[in-house]
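Here are a few friendly notes to read beside the model. Take them one at a time, with the picture open.

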Amino acid sequence: MRFCTTEEKPVDIEIVTGGETHHISFYPTDLAVRERFYQVYENLKNYKPKEITPVVDENGVSNAELENARELRRFTEFLGKQVDGIYGEGTAKLLTGGRCEPTELIRFICETAHYFTQTSDKLIRHYTEAIKGGVME
């Protein structure tokens with residue numbers, strides 16, 4: 001018996017940062033990758049920001065900005081874990097240059113979303129066509 005697999009090229013995204021070029025490759029048709037991608041939306045909906053209660057010291061100085069910065073950092077670390085979960089460990093650090101910048105992570109998720117939505121119709125057709133001619137006729 002000879003079995004030939006279907007060849008499919010991964011999506012390859014070139015990232016230029018700090019004068020260096022890196023590549024991130026993924027298969028948007030891989031159901032495990034798709035699940036991780038769409039799970040991020042659920043995780044973001046379920047993310048609960050920490051309630052901040054500013055404290056004013058004896059000199060009248062509030063710690064509100066410090067607490068806001070801490071919460072934004074916590075959110076960025078959460079988002080970085082989500083990105084790494086989809087595209088591989090270290091991707092978030094690569095995208096942000098190791099900085100704490102949620103906008104770059106969000107922008108990358110949004111830019112890659114079209115690869116997943118684009119393949120949705122193709123996947124549905126692929127799996128429904130696969131059962132034609134089977135026992136369910």
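1. Of the 137 residues in the protein chain, 26% count as buried; buried means under 20% relative accessible area, exposed means over 50%, and partly exposed lies in between (1.4 Å probe, protein chains only). This is a predicted model, in which local features need pLDDT of at least 70, side-chain atom pairs count only at pLDDT 80 or more, and totals for chains, interfaces and linings use all residues. Residues are numbered from 1 along each chain as its sequence is written, and side-chain values use heavy atoms, leaving out hydrogens and water.

2. Next, the overall layout. The protein chain has 4 helices and 2 strands, in the order β-β-α-α-α-α along the sequence. Here helices (H or I, at least four residues) and strands (E, at least two) are DSSP runs, numbered from the N terminus. The radius of gyration is 21 Å, well over the 14 Å that the globule rule gives for 137 residues, so the protein chain is more spread out than a compact globule. That radius is taken over C-alpha atoms, and the rule is 2.2 Å times the number of residues to the power 0.38. Along the principal axes, the C-alpha atoms fill a box of roughly 80 × 40 × 25 Å.

3. Now look at helix α1, residues 31–46. Val33, Arg34, Phe37 and Val40 are buried in α1. An α-helix has 3.6 residues a turn, so residues three or four places apart point the same way. At the start of α1, a side-chain oxygen of Asp30 comes within 2.9 Å of the backbone nitrogen of Ala32.

4. Helix α2 covers residues 64–87, and its 24 residues reach 34 Å from the first C-alpha to the last, close to the 34 Å expected. Its buried residues include Phe75, Leu79, Val83 and Ile86. Leu66, also in helix α2, is partly exposed at 43% relative accessible area. After α2 comes Gly88, with a positive phi near 110°.

5. How many disulfides are there? The count is 0, taking a disulfide as a pair of cysteine sulfur atoms within 2.5 Å. For Cys100, the nearest cysteine sulfur is that of Cys110, 18 Å away. Cys100 is partly exposed at 43% relative accessibility, while Cys110 is exposed at 53%.

Key: The expected span of a helix is 1.5 Å times one less than its number of residues. A polar contact is a pair of N or O atoms within 3.5 Å; within protein, one must be able to donate a hydrogen and the other to accept it, and residues adjacent in sequence count only if both atoms are side-chain atoms.
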